Amino acid sequence: MKNSGKRSMVKPFFTKGGAKVPHRKNTAPMESVVMPAPKEVILPMQQHIGAPCKVCVNVGDEVFVGTKVGEVGGFVCAPVHSSVSGTVKKIIKVTLPAGNECDAVLIESDGKETLDPNIKPPTVETKEDFLTAVRESGLVGLGGAGFPAHVKLNVPKDKNIDTLIINCAECEPYITADYREVLENSWAILSGIYAVREILGIERAIIGIENNKPEAIKILSEIADNEKYDPEDLVTVVSLKSSYPQGAEKVLIKALTNREVPEGKLPSDVGCVVMNVASVAFLSDYLKTGIPLVKKRVTVDGSAVKNPQNVIVPLGTRISDLMEFCGGFREEPFKMLMGGPMMGIALVDDSLPVLKQNNAILAFGRKEAKLAEETACIRCGRCVSACPMNLMPTKICDAVKKGDAEEMEKFHIMNCMECGCCAFSCPAKRHIVQTIKVGKAQLRAELQKKKEGNK
């Protein structure tokens, strides 16, 4: 008999704002394709939020798939492993899409993809063993944030975590990597959820999926509702309304638990841990095999791409090599993005490598990518209605243009998650989210100046 009293819910809670973006999930019905090892990979030491790794190999060293090439340089950090077997050719500097420069290891592949002979499944008997294993796996948030997983799962003792939330919303247009993860790796997803929940002592787990993915909902529900694996019914699949940004952490928590994360606080402050669906699937496989994070499922799509598809690609593969694997371009790309069209980062160079947190590489022709001209704000308030964080984008933009740090703080600029709903909803095509990003940088600089002045 299932314990229905512990069932979390069957319907999501109301969330404010958002935008009805076109989904364009062109690659959803296509089975993922495995890309062979390229001739070279470039492995930056900064593939996560936090401190960069320290290169721990030398030029000329022989490495294998899974050999550690970057050692952690601080607590908020995740090691980097080779995705190919071959020889360390160079230690170079690379400029990442966000503009920061870091060291990188360039490895020449031997084409054999030989697994490191020292790899073995980790021994996990305690919570501490588990957190150590997660750190050594190199796992970061695979949904795009890139936050080291062992830090997220190492919840302070004063936080009472009762809910593990699995993010399977995938609300950005074009991206279908998580959807294919569910269809192709569903048992690993549920196995990873059960492992995290049991080891960390979390009472329940909720998987949130947008309702435009009925097949994914059906597959996960059939496993989660199996009394053999979950007799107390502590893992629940919840169908969410199809709306952007449904997969944003704070929005997802509100939709699934009706809890609101206060400004400046974390999900753990409201009793939640949020993980991407691909992250828990990877953990399940890692605990069984010991093979660290060396590959990633990436959606390759856009009007300029000849053969859009989901590709399981070795990390560090040049984007140009990935595009060549997908048949090249049907037209000269006017813009390329790392990530989705709402929150992705524009690329200036296709020689950059695929990173751990990448879930899509999109390439668009001029017609789709050209930005509309800004016109005067008509004070319609659509940006306010669309903001899922209850902010006033027009007021924030005015403060940014005046350089008024006090006003920026007054209107809670730092609580903006840069989802782009404001700009998408604006009939005047104002570059609202871009202005807010500039304002955030200005405010951080101002606060840092004040901090140094008070020393």
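A residue is termed buried when its relative accessible area is under 20%, exposed when it is over 50%, and partly exposed in between, with a 1.4 Å probe and protein chains only.

## Model and confidence

The structure is a predicted model, in which local features need pLDDT of at least 70, side-chain atom pairs count only at pLDDT 80 or more, and totals for chains, interfaces and linings use all residues. Residues are numbered from 1 along each chain as its sequence is written, and side-chain values use heavy atoms, with hydrogens and water left out.

The pLDDT, the predictor's confidence in each residue on a scale from 0 to 100, averages 93 over the protein chain, and 98% of the residues score at least 70. Residues 1-9 have a pLDDT below 50. Beyond near neighbours in sequence, this stretch makes 27 contacts in the model, a contact being heavy atoms within 4.5 Å.

## The parallel sheet

Helices (H or I, at least four residues) and strands (E, at least two) are DSSP runs, numbered from the N terminus; two strands pair if DSSP finds at least two bridges between them. An open sheet of 4 strands has the order S11-S10-S9-S12, with parallel pairing. Strands S11 (235-240) and S12 (272-276) stand at the edges with a single partner strand each, so one side of each is left without a neighbour in the sheet. Neighbouring strands are turned by 25° against each other on average, direction ignored. Axes are lines fitted to C-alpha atoms, for helices over the stretch in contact, and angles run from 0 to 180 degrees between N-to-C directions.

Strand S10 (residues 204-210) is joined to S11 by 6 bridges; Ile 206 has Thr 236 of S11 as its bridge partner. S9 and S12 pair in the parallel sense over 5 bridges, and the partner of Asn 167 in S12 is Asn 276.

Strand S12 is largely enclosed by the rest of the structure, because 5 of its 5 residues are buried. Both of its faces are covered: Cys 272, Val 274 and Asn 276 are buried on one side, and Val 273 and Met 275 on the other. Helix H6 (residues 277-289) lies across strand S9 (163-167) and S12, running at about 80° to S12.

## Cysteines

With a disulfide defined as a pair of cysteine sulfur atoms within 2.5 Å, the count is 0. Cys 168 is in no disulfide, and the nearest cysteine sulfur, that of Cys 171, is 11 Å away. Cys 168 is buried, at a relative accessible area of 2%.

Cys 416 is likewise in no disulfide; the nearest cysteine sulfur belongs to Cys 422, 6.2 Å away. Cys 416 counts as buried at 11% relative accessibility.
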